[in-house]
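Hello,

Here is the structure I said I would pass on. Please have it open while you read the notes below it.

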Amino acid sequence: MSERPIHPKIFEESLPAWHRIFIEDFRTFKIKRIVWDLDETLGDTQAVVKEEFDLIAGTNYKDRILDRFDGLSHWAHEDGVMTFEEAHELESRLWTSEDILGWVKPFHGIQVYSRDADKNDVEQFVVTSRTGRLDKVTFAWSLIHYPWIPRENVRITTNRDVRYDFEFKVSETGLIEPEAVVDDNNDHILMMLKNAPSKTRFVWLARLRDTSVADDKRVLAVPGGARQFSRLVSHNLDTLA
Ligand SMILES: [Mg+2]
């Protein structure tokens with residue numbers, strides 16, 4: 001991540017009381033039912049997608065933070081590397097490639113938190129908007145990197161004809177009725193906010209510093225994404241930061 005997030009303690013002190021209590025409830029495992037998104041939340045998906053895109057297109061985007069949908073296609077088009085359509089064809093193929101997604105590395109801090117949460121009787125789910133064509137790699141990846149999350153708690157649409165199934169993510173999260181949802185996608189959070197019970201609160205893993213869209217009390221925006229969030233909910237702030 002090229003944009004260094006501010007120190008987690010200083011960030012936490014800048015928050016209103018209800019968000020500080022929310023973080024403390026995570027830290028002490030009082031949040032007993034969590035829904036995790038997969039891409040960009042449990043795993044650093046954009047790293048492998050950018051790496052492969054760079055290799056094929058001859059670009060050097062690996063250190064730039066992808067903060068918009070079809071971002072690589074926009075960059076490659078703006079930089080005159082290829083047409084938007086060509087770049088989009090490539091980018092879409094990479095984001096939905098079983099081979100690429102099998103290589104995704106978990107965010108270490110999130111992995112540690114999730115494992116400790118399991119030991120503290122926190123029920124955890126993975127709910128993804130990935131296409132149903134990616135079910136095998138999604139179950140296999142979750143089993144390898146988050147083996148304490150039961151297979152039946154990993155939820156992916158059975159619809160194989162879509163690129164993404166946002167509606168599945170929204171409806172599934174509503175059914176699970178979690179206390180917290182952790183997700184990097186602000187649009188998905190806005191949809192889930194309307195559908196989930198009022199007790200459900202959200203952590204938005206914002207990659208850049210602009211978190212102005214999240215002004216709902218139920219949404220904690222964390223600039224710095226998954227890495228910053230895992231520092232915030234860790235007991236070892238000083239050693240991890
Ligand atoms: Mg995501």
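The chain of this predicted model falls into two parts: domain 1 covers 8-44 + 105-240, and domain 2 covers 45-102. Between the C-alpha centres of domain 1 and domain 2 the distance is 24 Å. Where the two domains touch, domain 1 supplies 13 residues and domain 2 supplies ten residues.

Next, the strands. Strand β1 (residues 33-36) runs parallel to strand β2 (residues 123-127), and four bridges join them. β1 also pairs with strand β4 (residues 180-183), again in the parallel sense, over three bridges.

Helix α3 (residues 45-57) packs with helix α5 (residues 84-95); their axes are 10 Å apart and the angle is about 140°. Angles over 145 degrees would count as roughly antiparallel, so α3 is oblique to α5. The crossing of α3 and α5 is right-handed.

Which residues in α3 and α5 meet? From α3 they are Val49, Glu52, Phe53, Ile56 and Ala57, and from α5 they are Leu90, Glu91, Leu94 and Trp95. Sorted by class, this contact of α3 with α5 has seven nonpolar residues, two charged ones and no polar ones.

Regards

How values were computed:
Residues numbered from 1 in each chain as written. Predicted model: local features only at pLDDT ≥ 70, side-chain atom pairs only at ≥ 80, totals over all residues. Domains from an automatic or database assignment. Contact = placed C-beta atoms within 7 Å. Pairing = 2+ DSSP bridges. Helix = DSSP H or I, 4+ residues; strand = E, 2+ residues; numbered from the N terminus. Axes fitted to C-alpha atoms, helices over the stretch in contact; angles between N-to-C directions. Parallel < 35°, antiparallel > 145°, perpendicular 65-115°, else oblique. Left-handed = near helix turned anticlockwise from the far one by under 90°. Nonpolar A, V, L, I, M, F, W, Y, C, P; charged D, E, K, R; others polar.
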